Amino acid sequence: LGPLGLIDTMAALVLPFGVSAFGTFLVRQAMLAVPDEIIEAARLDGASELTIVYRVLAPIVQPTLAALFLFSFVFHYSDYFWPLMMTTSDDVRTMPLAVALLREQGTGVRWHIVMAGNVILSLPILALFAATQRRIMRAVTARALS
């Protein structure tokens, strides 16, 4: 990533994790669960392949995509080593890295400051879960009923 000029940029923190084997497998399994009759009906109605993907399949696999987004966000949000290697300035560093660097030289660790940083660090994950909870619960209950 150094020759590409990505060191100390937000792109260096995001681009390597844009595709994952777990995400590919999860979306593939969700697509295989869609009955072929739905896709054939869309083709008979004259829908193009892009229309089938965006207007038929996307709403059906939306809960799976929401769950994949949550898994990926939580996993990479708490990442420590990759941002430590890819950033050199405080402008691009992530919040978990900032909390880890709260230790002061000479005085040791001020635990009350580190714990306050950890509470603030957990707020985006809780907010994201609260925002997507309805979709996830809808997906779980729909799969349990069928």
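Read along the sequence, that gives the pattern α-α-α-α-α-α-α. The model is predicted, so local features need pLDDT of at least 70 and side-chain atom pairs count only at pLDDT 80 or more, while totals for chains, interfaces and linings use all residues. Residues are numbered from 1 along each chain as its sequence is written, and side-chain values use heavy atoms, with hydrogens and water left out.

As for overall shape, the C-alpha trace spans about 70 × 40 × 20 Å along its principal axes. The radius of gyration is 21 Å, whereas a compact globule of 146 residues would come in near 15 Å; the value is taken over C-alpha atoms, and the globule rule is 2.2 Å times the number of residues to the power 0.38. Buried residues make up 21% of the 146 residues, where buried means under 20% relative accessible area, exposed over 50% and partly exposed in between (1.4 Å probe, protein chains only). Of the contacts with a separation of 6 or more, 60% join residues 24 or more positions apart, a contact being heavy atoms within 4.5 Å.

Next comes the largest pocket, with about 640 Å³ of space. A pocket here is an open set of points on a 1 Å grid over the protein atoms alone, where a 1.4 Å probe fits, with protein on both sides within 12 Å along at least five of seven lines; lining residues have an atom within 4 Å of a point. Points are joined across faces, edges and corners, and the volume is the space filled by probe spheres set on them. The lining counts 24 residues, with F17, S72, F73, H76 and Y77 nearest the centre. Helix α4 gives the largest share, 8 residues. By type, the lining divides into 16 nonpolar, 7 polar and 1 charged (Ala, Val, Leu, Ile, Met, Phe, Trp, Tyr, Cys and Pro are nonpolar; Asp, Glu, Lys and Arg charged; the others, Gly among them, polar).

I39 sits in helix α3 (residues 36-44) and is buried, at 17% relative accessible area. Leaving aside neighbours within four places in sequence, I39 touches I52 and L57. D8, in the segment before α1, has a positive phi of about 65° despite not being a glycine. With a relative accessible area of 22%, D8 is partly exposed.

Note on methods
Helix = DSSP H or I, 4+ residues; strand = E, 2+ residues; numbered from the N terminus.
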